[in-house]
Every structure is written in C-alpha cells, then in structure tokens.
Amino acid sequence: MKKTLHKALPMLFVSLLFAVQSAFTKQMRLVLLAVLLLCSSASMAQIYVSPSGDDTNNGTSGNPKKTIQAGVDAAASGQTVFIDPGNYAENVTIAKDNITLQGAGSGAKGNLEPDVPIAASHTIISGGVGSRGIQLSGARTNVAILGIAILGHSMEGFFAPANSSNLILQDLQVNGNCTGATGRGGIFVSGNVTNVAITGCAVQNNGPGASARGIAIWDNYKAGVTIANNYVLFTACCGIDLNDGTSSGVNISNNTLIAASIGSDSAIGVLGMKGGAGPNIIANNNITIAKRYGIEIKNPAGSGIDDEAADGSIIVKDNVITRVDDITSGPLLERRDIAGIAIFRRSFTSGNPAGYIDVPSGVVVKGNTISGFEQPDAIGEGYGVVAEGVRMTIKNNTISNCDVGVQRQAGNSSNYMKNNNGDADQVASGSNYFNRGNSPFSSAIIVENNTFSTNTVDTRDEFAANTYFNDAQYVFNSTNNTNYATLNLAVEYASAGNTLQPSAHTFDELVVVDKSLTIDGVDKATRIIKYTGVAISSGSVTPALFKVAAPNVAIKNLTMDVDLTKIWSAIISHGDVAGLSIIGNNILATRSAVSSAAGYTDRNAVGINISGRTIPGVANASNPSGLITFQDNTVLYTPDPTPANVAAFRAALAVDNYNVLVENNITAAINHDVTNRFQTTAGQSMLRNNTFNGGGIEFSEPNASFTGALIEDNNFNYLLGGFPTFALVRFKNNNANKPFVFKNNQVQNHYWLMSLENFQNIDVEGNTFSPVKNASDYFQILSINTKTIASSSNTKLPNSANIVGNTFNGVAGSVNAKGIAFYNHDNASPQFGAFTIGAVAKPNLFNDNINQYLYIDNNNGNLTKDGSNVALAGYPEYGSSISATTTGYWITDIRADQNSFYIDGQLRAVASLSQAQRTLLDAKIFDKLDDANIGKVNYYFPIKNLTSGEGFATIQAAIDDADTQNGDVINVDEGTYTLTDAVKITKGITLQGNNNNLVVKPILNGT
C-alpha cells in the first residue's frame, strides 16, 4: 500500500506547484520544487488511515488512524491523508485548507462505465449517520480528494459551500446518493468559486429527488471550472449543471453522459457563460438522452469568436448527441419541445442580480453530430440546434432525424421582461418557437456548411416582425467579450472604459453615448453609420448619428453618412464632453431630397457645445474645461449639378469653450473647416498637418484661462468653387490678449486668404499665400481691420501683429489686388498697437502681380451697410446680418523696411533699392503719400546708426534714439533732406554723409 501511495506523491506535488505557479517568480518556484521533492523522499510525515487502525494512533504508516475523519482532524496544512482500501461508514467533514484525501481507488475508469467498488481494493465511504459523504465546512481552498467511492448518502455525495476554490475531485465514484428528496447532486459545489477540477469520476444514479444532478455547481460566479473525462449516469434532472449565476473559463470535455430514467431531462446545462477567466469549451462529449435536451446554453455572453484559446469564446464542438426511446406515452411521455443543442434566454431572477446579458451572445456550434430529436406531439417540436441571440455560428454539424435541423428565432414575447425575471411558457402550443426561449430579437446568426439528412425541415427561421436585424450586424464589446445587436444596446449594457466594435455592416440608428466609451470601427470602409428614419427638425431626439453625453468618449474608424434631409450632424455634444476624441473617421454629407432638416447654421459635421443655438435634446455645459481631439478624419461633401442638391456641412468641426487638437485631417465644409470660440480651458488649441479644402478656420474671443493657439503646417486649399465673401483664415476679437501663432502654412486658391479682425498678439510667420482672383479680377491676401465681421459689435482692442518670413504671391491680370491691407472700418474708439512687417533675417517676400503690396485704407465716415443691409461698395462681406459700423482713416504708420519686393524685374531687399527703384515701390504702396489723412508705410530709412545697426527716417530721430550712445557713428545716405528745424546734436557721435563719399553727398535744405 505504501508503495502505491508514494507513487501518487509526484503527481500531487506537481498539482500543488501548478496551483501556485502564477504567484511565484521562477526562482521561488524552483525553491518550492526542491522542497517538495525533499519532502517526498521523507514522506512529509503524512497521515495514514486504515480499517485496522485506531483513532488514538499518531497516524503514521505503521500506526494509522481508523477513521477518515480522525485522519483529517490530525492532518496539518499541506499534508495528505492516505486511506487504505475498505468500507468506511462515516460522514467526513473537512474544515481546513491545503489538504489532500488520497484513497486507494474507487473503481472509476474515466469516461467509461466504472467497476463496482469493493472494499478489498477500493476506498469506500458509505452510510454513516449523517446526510453527506464528504463535505467541506466553511470557505476552503486547496482541497483535493482522489480515488474514493462515495455511496448511498441521503443528500449529496460530495458537498462544498460557497467560496471553495482550488478544489480537485479526481477518480471518484459517486453512486446512489441523494436518496432523500432534498439532495441536489452526486457532486454539488456552491458558487463563487475559482479553479474547480472534476476529472475521471463516475457519477451515477444520484436521485430520485427531482432537483438532483449528477455534477452541479450552483450560484454566483464560477471561474476556471474543468469537468472532464467523467462518466455520468443521471436519473434526475441533469447530468452536468452549472446554474444560478455566471461562469467563465469552463471546460466540459470528453465526458460520457447517459440519461438513465424517466426523470432525466438535460445532459449538460450551463447558465451565464462569459469572458473574464478564459475560453469556454464544451467538446467531445458523448451524450445519450431519453427526453429533452442534450446541451442547454442559457444566457451566454460570449465573444462569438471561433478561437479555442481566446478569453470569452464559447465553443460547443465535436459532441455526439443522440436521443433515444419513445416519448409519446408511458413514463417517458414528453409533449414539450426537445433539442440536441439549444442556445436561448432563460432563468432570469427578479432584478437580475446575476447580471445576465438580456439577449444571448456569441456561441460557436461546430462539428457536432446530432440525431433523433423528433417530437410527434403537436404541442412541441424537436430541434437539432436552436439558437436565439447575437453573433452565433452554427457550422459543420451533422444533423439527422430531427423535426427541424437548425432553427434561428427571435421575438417570442412570452413573459419577456427586459433584464428581469420572466421565463417563456415552455408548454405553449400553436407556435413554431422553441418555447423555452424568449429573446426579444436576434442578429448575425450564421448557419453554414452543415450536413442534413432525414429531417422534416433542415433549416427554419422563426422571427417575429422586425426582430431579426441582419446576418452581418452586431456590436462587439471587446472589453467584456460580448455582442449586441445595435450600437445603442451595446452602449446601454457597457460600462465606462469599455470598447465597442461594430461589425462590417451599415448600422441605421441614432446613437446616444452616455458613458465614457470607445466606439472603434477598426475599418471605416466597412463600418457605416447612417439614419433613414423620419426627418428631425425639433422635439427631444437629437438629430445626429452620435449624441455624445459623457466625457472621455472616443469615436474611431467609422464612416458616417449624414443625410442632411433627415438629420443635422454626425456628432453633437450634450453636457460636458471633455476628452472627446474623434479619430480616423470618414464623415460624408449626403442628401436624399432637396429639403433640409436644419437651417444652414446648424449643419455642422461635428458640433460641440455650440453657443446660442437650440438643438433638440441638447443642453450645453456651462464654461466647461477640456480638450476635444479631432485626428485623421475626412469630412467631405456630395456635389450635384444643381446647387440646391449639393450636400455640404457648414463646418467640419465647430467647438465652443473647449480647446482643440486637430491633426492630419482632410476636410471640405462651406464656412469653416474648423471653428473654435470662447475657449475656457487652460492650455493651447493646436491645428497641425491638416488639409482644409473648404471654408478654412476661425478662432474668436478666447477667455482668460486659455493660453493661446498654434496653427502650423496646414494646407488651406479652397476647392468648393465660387468666391464666398470670407477669408480662409479668420482671427477675431482676442479680448484676453492670448498668444496666437500661425506658422508654416500654405494658404491658397481663394481671393481672400487671411483676416485679422479686432485682433492682437498674433505671430504670422513662414507662411506661403497664393491667392486666385475673383470675378472682378480682385484679391486681397491679408487684411487687418478694427471691425469684426460679425452680427454684434465688440470692445475695441489694440490691433497688433508680428508678420515675418512669409511669401505673398500674386496673380497676373489682377486689378487693385492687395498684399497686406489695413482697415479702420469700426471707428468707435479704435486702438492701434504695434505691427512688425518683416524682421532681420525674416523678411516677407512680396512677389510679382500684386497691385498694392501694402495698403492703408482711407475710407472715412461711411456706414458699412445701409438700412436695407446692402453692404458698402467694394465690401460685400459687410452685408446680411453683419453689424453696421462707421469707417475711419487708418492713421497708424507701418514700418516695412525688412522685406523684399518684386521691383524692376526681380525680388529686391529694401536696403538694396536705388532711388529710382524706391520710386517704383512707392507706386505699389498706398499710404500717406497718396492721402495725407492716413498713416505712412516706412520702408526706407536713409539714416543708419552704423554702430547699433538701426535705421531711422530722420537725422534727429537717429540721434535721440535711446540706443544711440556716445561714440556711435551715424551715416546719412545720399539724397535731399528737408529740415523743419535745426538738427540738435546732444551726444558725442560721429555724423557722416554717404559713407564719407566726397563726390556724392547728402544735401540738407532748411525750411
């Protein structure tokens, strides 16, 4: 006996090592293995039990205990109780952790019919005064019971209460228990367990109680359950039953299950399988059933992925399920539906505390052989496979001699209550449903490559009206590995932080995202969202494909088909949506009719917290703070020969209050590709590496917490045709005096490229401006205006800008075209700050075909529009709803000496110009020389402090400048200088003429 038992030690030690390997480092596992092997050689002072022993003995191999209970009581943590062959009439209670009971054998032979246990060679626990053979007391862990026959108890042969984890039951024979009415199974484990392995056991004839199962694990959550290579002969209810709760990481494989009496119902039943602890596999079982079901899968929440190693997969494969016997009369009479494999909704309890998915999800049924499910009674039918729910695959099965080979179904309304108790009436008559299930709808149930023979009907669909969506439509929650029929349902059942992945399909719905979720289409070419319902112009339904009503939402990799006849936008916000990311999408404006659901102002592809608008179902956040990310999207329009039929958005991205990060997008919207207003968020807005093919951008009215904006490396390329009366780049009302940088952009293909309106503190650097002329052969590249082109007047700011290093290109044949123009068209207390036009090493380049490189406006005392909203002649942008103001002279001088202008056939730096060339340049500048009421463009500074390098317009200014010091040399270029007063030399300087050229000298005239 000792030799035999010692042979089992290495297996036990390996099992223990496996149980802890995930918690130990490699080095710790090696140490543990060494200790275990050392203990093996010394037998670890284990406990021994023999019928010939005495409970007063110390339990050594030479002095064994007599009863198993005494051996258990004497065992220390980590010890094994070795039990000799014999018949032990007792009830064993294990009230400690880390213990193994090793019997001498039970007669079990894996999934084959067992031998009859005999006391001479097997360890048998039978009878006793209690109700159970072996039971755990309290929550136990790391208990193993091997090689024992448990026979003839009134309740369970083996019982474990809740929270019993790391439990091993191996090579047991559990026979003839549950003789009383309340016994629940030959082997019964209460739930909330982790890592339960029941292998190689023979579980037979445990009944007759109607609730008695062969092997049952009930209640709460069950993770890591293996039931494999067993022989189960069940006489009541069910063979293997995981019920009343959820489970994950289930493996029920290579078992033999036989229904052995009139009370037997279902061979294998599993409720609430899901992801979290690994794949769920029911495979290679050999099932013979007399009455109702081979395998029941109730309320599964699986991934639908055919991957036997993937967490959350539920795969039912390679089982052989045969129904035998006559159920039309006698003790086997059964009038209800019967099925080989059934996947359905059932067993909800009030309030759904178990958290079952409302519609079954994600089961793969493949390679099974099913026969004999014929129901002659008119009330019921026999099904080879029946399935309801979302994302099911039924393939490569062989199904014969059934009423219906495979049935897909949805919409059996019998007792259905969403997320709540209400089982369908399984004895209902007059219906083609599998009456035990009541899923309200189904989608994406695929039936393919099955082999059918001698069935009454090979395949059948039983769908109530509008309860089956499509073979291709589902939404996969990749966090939880579950599936839903629609995006709205997927959102409803998701938790914050989950990722939802719609299938390759066109989804027709308006989605409300009220949780912090990621919706990722993965491939926008095949994941399309659209809406074909009734047009929405008012009411409570938000007219957008996505109503985002939570922070930290991401919408990625989708195509959004926005029918402007029916809805307004692709995405509209409701409440605070800080952290919203819109990435990699294709947003397309379409039109199914000439009419529009919204007025033009509200037709934005993406509208976030838009002020001053009434949008159905939307309430804005008050002064929110956060970032909106818009990256790698395309926003396009649908052209049409008839202008009224063109479908285009007013703006691609319209955001108020939040900052924006806009990168790598291609957009074409009529008025704005991007507009960002009223920023209340600390930090910058940034626009980088975008292609704006529509109306360009607008920034306006930042608030104090905002820290500015960077717009760089973008391509503004107007492609929508015509000549709309706005600039491609607009900056308005920098009330908070925040720094803006517009740098290294390409701005082209429109007659008006950039407009600074009542704006201050902006750097315009390194850009290339390439206009086209309008129908009047006119263009202006960059305008600076005290007037804001808006519907309301604004507080006047000290207009200022640093404009350096830019290239201004012209257009041949233009008329009155302007490079940089300065306007005072709101003369109500205007303010003028500092302007830098060109700088040392950063000159602006003004190329040919610009009529006026620099223009200072002399319009004065005129209303910008009349009482009939007719704009001032030459300024069509002032019409319509734009507020009326009065023009005034621009009186501030502009310095422009650090630039190069196309003069006399080539680009020339100002400093290199001759007197004749300066005369040519003067003709290309409109300033005080043309109208004495306006400011002057100062580009030529003939007096230079050679020491400091600064240039001046007059000798006196050079002397008086704060940077001029004693010892400096001031040079006066050739030319005639008319003095209005005598030059006063107040510093010790050297004043020289024309670099001391004695031939050509400057001339000073006095008045």
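In these legends, contact means that heavy atoms lie within 4.5 Å. The model shown is a predicted one.

**View A. Ile 697 in the largest nonpolar core.** Leaving aside neighbours within four places in sequence, Ile 697 is in contact with Val 674, Leu 687, Phe 692, Ile 711, Phe 716, Leu 728, Val 729, Arg 730, Phe 731 and Phe 742. The largest nonpolar core has 127 residues, and those that touch the most other members are Phe 546, Ile 697, Phe 731, Phe 742, Met 754, Ile 820 and Leu 854. Apart from this core lies another, of 73 residues, which includes Val 72, Ile 187, Ile 240 and Ile 445. Phe 692, Phe 716, Phe 731 and Phe 742, which are among the contacts of Ile 697, also belong to a cluster linked by ring pairs, together with Phe 699, Phe 706, Phe 740 and Phe 759.

**View B. Strand 68 and its two parallel partners.** Strand 68, made up of residues 798-804, is mostly covered, with five of its seven residues buried. Strand 65 (residues 762-765) runs parallel to strand 68 and is joined to it by three bridges, and Asp 763 has Asn 802 of strand 68 as its bridge partner. Strand 71 (residues 831-837) also pairs with strand 68 in the parallel sense, here over five bridges, and Phe 835 of strand 71 is the bridge partner of Ala 801.

**View C. Two aromatic pairs.** The structure holds 33 aromatic pairs. In one of them, the rings of Tyr 484 and Tyr 493 are stacked, because their planes are at 5 degrees, with the centres 5.7 Å apart. Tyr 484 is buried, having a relative accessible area of 8%. Phe 832 and Trp 890 form an edge-to-face pair, with 4.7 Å from centre to centre and 75 degrees between the planes. Since Phe 832 lies in strand 71 and Trp 890 in the loop between strand 73 (852-856) and strand 74 (894-895), this pair ties together parts that are 58 residues apart in sequence. Phe 832 counts as partly exposed at 24% relative accessibility, whereas Trp 890 counts as buried at 0%.

**View D. Charged side chains over rings.** Arg 184 lies over the face of Phe 188, at 4.1 Å from the ring centre. In another part of the view set, the charged end of Lys 818 sits over the ring of Tyr 855, at 4.6 Å from its centre.

View E. Beyond its neighbours within four places in sequence, Tyr 751 is in contact with several residues, including Phe 723, Pro 724, Val 772, Tyr 778 and Phe 779. Thr 565 lies in the loop between strand 45 (559-563) and strand 46 (569-573), and counts as buried at 8% relative accessibility. A polar atom of the Thr 565 side chain lies 3.1 Å from the backbone oxygen of Ser 595.

View F. The four strands stand in the order 80-79-81-83, and their pairing is mixed. Strand 80 (951-952) and strand 83 (990-993) are at the edges, each with a single partner strand, so one side of each is left without a neighbour in the sheet. Strand 79 (residues 943-945) and strand 80 run antiparallel and are joined by two bridges, and Lys 944 has Gly 951 in strand 80 as its bridge partner.

Methods
Residues numbered from 1 in each chain as written. Predicted model: local features only at pLDDT ≥ 70, side-chain atom pairs only at ≥ 80, totals over all residues. Heavy atoms only, no water. Buried < 20%, exposed > 50% of the residue type's maximum accessible area, 1.4 Å probe, protein only. Polar contact = N/O pair within 3.5 Å; in protein donor to acceptor, adjacent residues only side chain to side chain. Pairing = 2+ DSSP bridges. Core = buried A, V, L, I, M, F, W, Y, C linked by side-chain atoms within 4.5 Å. Phe/Tyr/Trp six-rings, centres within 6.5 Å; stacked < 30°, edge-to-face > 60°. Lys NZ or Arg CZ within 6 Å of the ring centre and 35° of its normal.
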